[in-house]
Amino acid sequence: MTVLETHDLTIGYTAPRQPDAVIAHNLNVRLDAGELVCLLGPNGAGKSTLMRTIAGMQKPLAGRVTLAGDDITALKPRQLAARLSVVLTDRPNVGLLNGYALVALGRHPYTDWAGRLSRYDEAVIRWAVDAVGAGDLAQRPVMELSDGQRQKFMIARALAQESDLILLDEPTAYLDLPRRAEMMHLLHHLAADTGRSILLSTHDLDLALRSADTLWLMAGGQVRA
């Protein structure tokens, strides 16, 4: 089953009274269920721009992005959040929340206006925390955790969202080599075990070669799968 597909997608930036700044054009790529795809390319190639465009955070200059055949521009925010979750490079500013409460935020597409959690919601949160191996840290404040531990909870939040597609922009950026290898191993198994599709951008060529089902190589305004 195809979870994500781009159709003659052109990405870049617009500015008033200026020509469009095209980063990449005519992109036609797809990602299937249960697949881990690593997006590789030099700095400035447009990896983050592509990720933001796929996530609906930035409008394409031309073309379309579809999730299971539906154009993302036709989906309401709550519908999009139920299909797609995003983990960015930035360190999360979550105040005094503990790990469990951070993961619980992933249930926001399914809760009522007051954010009340059902028994099913609680079960999904516990499963997501256990899936990333962070059960023993769930009650600790996120601000006290290491970068690698925080990243695990951010991935758990994305899992708790129960979306078909998870996007991660440089998820190993702040980690040392052993933690990077551990994180890529975890993501590979999560994709295989849960059937979720995972797209992540990275500079770790060696780890990408070891872990990914497919590589997307971005350079010269094109993506080669």
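Contact here means heavy atoms within 4.5 Å.

## Basis of the model

This is a predicted model, in which local features need pLDDT of at least 70 and side-chain atom pairs count only at pLDDT 80 or more, while totals for chains, interfaces and linings use all residues. Residues are numbered from 1 along each chain as its sequence is written, and side-chain values use heavy atoms, with hydrogens and water left out.

## Ala225

Leaving aside neighbours within four places in sequence, Ala225 is in contact with Thr214, Leu215 and Trp216. Ala225 lies in the segment after β11 (222-224); strands (E, at least two residues) and helices (H or I, at least four) are DSSP runs numbered from the N terminus. Its relative accessible area is 76%, so Ala225 is exposed. On this scale buried means under 20% relative accessible area, exposed over 50%, and partly exposed in between (1.4 Å probe, protein chains only). Val37 is 188 residues from Ala225 along the chain, and their C-alpha atoms are separated by 9.2 Å.

## Helix α5

The 14 residues of α5 should span 20 Å at 1.5 Å a residue, and the end C-alpha atoms are 20 Å apart, which agrees. The expected span is 1.5 Å times one less than the number of residues.

Of the 14 residues in α5, 12 are buried; among them are Gly148, Arg150, Phe153 and Ala160. The cover over the buried residues includes β7 (84-87), α3, α4, β8 (165-169) and α6 (177-194). Just after α5, Glu162 has a positive phi of about 55°.

## Packing of α4 on α5

The axes of α4 (residues 119-131) and α5 (residues 147-160) come within 8 Å and cross at roughly 140°. That makes α4 oblique to α5. Axes are lines fitted to C-alpha atoms, for helices over the stretch in contact, with angles from 0 to 180 degrees between N-to-C directions; angles under 35 degrees count as roughly parallel, over 145 as roughly antiparallel, 65 to 115 as roughly perpendicular and the rest as oblique.

On the α4 side, Val124, Trp127, Ala128, Val129 and Ala131 meet Phe153, Ala156, Leu159 and Ala160 of α5. The residues of this contact divide into 9 nonpolar, no polar and no charged. Nonpolar covers Ala, Val, Leu, Ile, Met, Phe, Trp, Tyr, Cys and Pro; Asp, Glu, Lys and Arg are charged, and the others, Gly among them, polar.

## Two loop residues

Gly115 is in the loop between α3 (99-104) and α4, and counts as partly exposed at 35% relative accessibility.

Asp204 is in the loop between β9 (197-201) and α7 (205-211). At 17% relative accessibility, Asp204 counts as buried. Not counting residues up to four places away in sequence, Asp204 touches Thr172 and Arg180.
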